[in-house]
Structure formats: C-alpha cells, structure tokens
Amino acid sequence: MKRPAKKAIRVLVVDDHPVVRRGLISCLAERPSLQVVGEAADGEEAIRQAAELSPDIMLVDINMPRMDGLQLAEALQKKAPAVRVVILSIHNKPEYVQRVMRAGARGYVLKDTAPEELARVLEAVHAGEVCISPEVAQTALNQLVTNQGRGAGAVPLSQREREVLVMIASGRSNKEIAGDLGVSVRTVETHRERIMRKLDLHSVAALTHYAIAQGLVPLEDTPRT
C-alpha cells in the first residue's frame with residue numbers, strides 16, 4: 001500500500017523588507033516539504049497572521065520596527081506556543097544567540113546561509129531540533145576555549161565536557177567531535193553520557209538549548225539592536 005505523502009511544513013515569513021520577503025518565499029517555494037502560507041512585515045502583523053493561518057514555523061528577521069524578532073518570539077510563547085520560531089540575523093555573535101534562545105526561538109540562522117541549508121534548518125526545527133548556524137556555534141566554542149570556563153557558574157562540567165557540549169550544540173556528530181579533539185569516538189560518547197547525566201538532560205535539543213540559553217558560554221550583556 002502506498003504511504004500517504006507527508007504534510008508540508010507551514011511557514012510564515014516575517015521581514016520588514018519586501019524584497020527580502022520575496023526572495024525568501026521564492027527560495028522556500030522550491031522545497032516540496034515546505035509551504036509558505038503567508039508573510040508579514042513586522043511582529044504585530046505576524047501575531048495576527050499566526051491566529052489566522054496557523055503556521056508550523058515562523059522565519060523571522062531579528063531587526064524589525066514596532067516589534068522585533070525577539071519580542072515576537074516571546075509573545076508567541078503565550079499567544080501561539082505551538083509555532084516554532086527561527087530567527088534570521090546578520091550578526092555572527094554568540095550573545096545574540098543567547099537572547100534568541102531565552103526568548104523561546106528554536107533556531108538562529110545567518111542571512112548569508114545557502115537556501116538549501118535554510119530549508120534543512122526549518123525541517124529540523126519542525127522535527128523538534130534546535131538549530132544554530134555552524135559559524136555562530138564555532139565562534140561560541142572559540143570564546144569558550146579562550147576564557148577556559150570563566151562564567152560557567154555552578155554547572156558541574158569539566159572544561160572538556162563544556163567543549164563537547166558546545167560542539168554538540170553546533171550539530172556535530174560524535175565522529176566529527178572525536179576528529180576535532182583527537183580522541184576516540186567512544187571517549188566522546190562517554191563525555192556525552194556524563195554531560196546528560198550531570199545536567200539531567202536527555203536529548204540533543206535539550207543539551208543545545210541549555211548550552212546557549214543558560215549561559216554556559218560566557219556572553220556579554222549587550223543591548224538589543
């Protein structure tokens with residue numbers, strides 16, 4: 001018996017620049033797994049559209065008038081908690097990711113991301129993952145190593161465990177992490193198991209959210225822009 005086709009992921013594009021919206025919609029329209037159901041020019045309009053169109057995911061610019069992407073993500077946690085937010089940004093700075101995750105978003109993607117990678121992120125977030133642009137995650141890892149654990153607070157993780165945690169948050173596999181650190185895959189698996197046990201977190205999504213949102217990586221408290 002032929003299996004029924006998967007239901008397309010409903011996407012609402014939110015950006016205050018019409019040309020950017022058109023470009024995003026055009027790119028996403030080429031992906032059969034995605035269906036763009038609407039667009040909005042700011043956060044207030046996006047909230048109204050969420051009630052009318054019931055999108056699965058909002059792809060949201062971080063900088064918008066009246067209500068920016070972070071404020072929109074925060075508002076949706078109360079008004080439409082089923083909608084998952086992926087933030088689009090030009091900022092390759094870990095501090096922006098921290099604020100985004102604390103606002104309730106599930107993804108942070110740079111605006112120069114390739115269309116096929118953007119589509120993959122939307123699909124992964126819809127499947128329950130938390131996705132951060134690899135460039136931003138790598139910057140966070142570099143900052144972690146440079147500061148050697150400063151700002152880690154009461155988190156009971158060793159420096160190596162913190163390294164592994166941030167690499168997990170970047171979406172790297174056990175094999176890739178092992179290659180970067182010059183250790184065996186089994187050693188990485190042991191680190192992962194210890195991290196999960198110590199933090200009482202038992203999924204990659206939960207570990208990723210913790211690594212970014214809870215401030216394991218030392219971040220500056222910069223104002224929103």
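Student: At what angle do helix H7 and helix H9 pack, and how far apart are their axes?

Tutor: Helix H7 (residues 159-169) and helix H9 (residues 185-199) pack at an angle of about 95 degrees, and their axes lie 10 Å apart. Axes here are lines fitted to C-alpha atoms, for helices over the stretch in contact, with angles from 0 to 180 degrees between N-to-C directions. This is a predicted model, in which local features need pLDDT of at least 70 and side-chain atom pairs count only at pLDDT 80 or more, while totals for chains, interfaces and linings use all residues. Residues are numbered from 1 along each chain as its sequence is written, and side-chain values use heavy atoms, with hydrogens and water left out.

Student: Why are H7 and H9 called roughly perpendicular?

Tutor: Angles under 35 degrees count as roughly parallel, over 145 as roughly antiparallel, 65 to 115 as roughly perpendicular and the rest as oblique. The angle of about 95 degrees therefore makes H7 and H9 roughly perpendicular to each other.

Student: Which residues of H7 make the contact with H9?

Tutor: Contact means heavy atoms within 4.5 Å, and on the H7 side Arg160, Glu161, Val164, Leu165 and Ile168 take part. Among the residues of H9 in this contact are His191, Ile195 and Leu199.

Student: What makes E2 and E6 the edges of the sheet?

Tutor: Six strands form an open sheet in the order E2-E1-E3-E4-E5-E6, with parallel pairing. Helices (H or I, at least four residues) and strands (E, at least two) are DSSP runs, numbered from the N terminus. Strand E2 (34-40) and E6 each have a single partner strand, so one side of each is left without a neighbour in the sheet.

Student: How do you know that E5 pairs with E4 and with E6?

Tutor: Two strands pair if DSSP finds at least two bridges between them. Four bridges join strand E4 (residues 84-89) to E5, and two bridges join E5 to strand E6 (residues 131-132), so both cases meet the definition. Opposite Leu110 in E5 stands Ser89, opposite Val109 stands Leu88, and Tyr108 has Ile132 in E6 as its bridge partner.

Student: Are the residues of E5 buried or exposed?

Tutor: Gly107 and Val109 point one way from strand E5 (residues 107-110), Tyr108 and Leu110 point the other way, and all are buried. Buried means under 20% relative accessible area, exposed over 50%, and partly exposed in between (1.4 Å probe, protein chains only).
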